[in-house]
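Here is a short briefing on a protein model. Please keep the sequence and the structure in view as you read.

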Amino acid sequence: MYEAVLFDVAGTLAVPEEREAWVRAAALTAGASVGDPSSLATELERVGRPGGPYPGVVPPALAETYNNRDASPELHRAAYEGLLATVAEAPLAAALYERILSPDGWSAYPDALPTLQALKARGVATAAVSNVGFDLRPVLEGLGLLSFLDAVVLSYEIGVVKPDPDVFHMACDALGVEPEQTLMVGDHPEADGGAADAGLGVLILPMSEPGVPHGLGAVLDMV
């Protein structure tokens, strides 16, 4: 049984808003006409949407920036605005990116808050651990999750990204627990699964659609 739980954010506790809603909201902000939002949303996801899915191909001119996107807010913005601008005008690309910085651009999984509340009631320490190039705390707060987390560990703040074992060890240190006492919950087998090499337990739950329970109740059976 585990005494602490680390959660990835995107695809684990929350997911970016429904993709057509994302396009419509950004178009309204940018004053842009998008024609068929469904078709454009498909293209935007193909080239790389902040928060997922990952792009199939990254243009060579953006490769270095994209590979280092989780190191700073500037690189994260440049990488994703660059990708989005391959199929959208620059003002729309900027508005699309801005959505990910706000809780309005996200949807917490229905079982995220109940799971965090239940863990807190049991005295189980929790942390959000994310590869990301911007501060997720305002998003987590807006979704009602931040107050139920004991720590937030973000790659751009600590200078290292998952699956590097140092990420998971730093998160454990932040909670005052040992790796073998800790469970890592995420959606990415490589990045989040790297916790196993750091001595943690791992639970991988593939990303679910917005508004659908994500299976986080399984965590309560493991602590």
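Predicted model: local features only at pLDDT ≥ 70, side-chain atom pairs only at ≥ 80, totals over all residues.

Residues are numbered from 1 along each chain as its sequence is written, and side-chain values use heavy atoms, leaving out hydrogens and water.

**Helix 2**
- Helix 2 spans residues 37–47, and its buried residues are Pro-37, Leu-40, Ala-41, Leu-44, Glu-45 and Val-47. Buried means under 20% relative accessible area, exposed over 50%, partly exposed in between (1.4 Å probe, protein chains only).
- These residues sit on the same side of helix 2, because they cover an arc of only 165 degrees around the axis. The arc is that of the directions from the helix axis to the C-beta atoms.
- Their cover includes helix 1 (19–30), helix 4 (73–84) and helix 5 (90–99).
- Gly-48 follows helix 2 and has a positive phi, near 130 degrees.

**Helix 1 against helix 2**
- Arg-19, Glu-20, Trp-22, Val-23 and Arg-24 of helix 1 meet residues of helix 2, among them Pro-37, Leu-40 and Leu-44. Contact means heavy atoms within 4.5 Å.

**Ala-108**
- Ala-108 lies in strand 3 (residues 106–108). Helices (H or I, at least four residues) and strands (E, at least two) are DSSP runs, numbered from the N terminus.
- Ala-108 counts as partly exposed because its relative accessibility is 24%.
- Beyond neighbours within four places in sequence, Ala-108 contacts Leu-13, Ala-14, Leu-143 and Leu-145.
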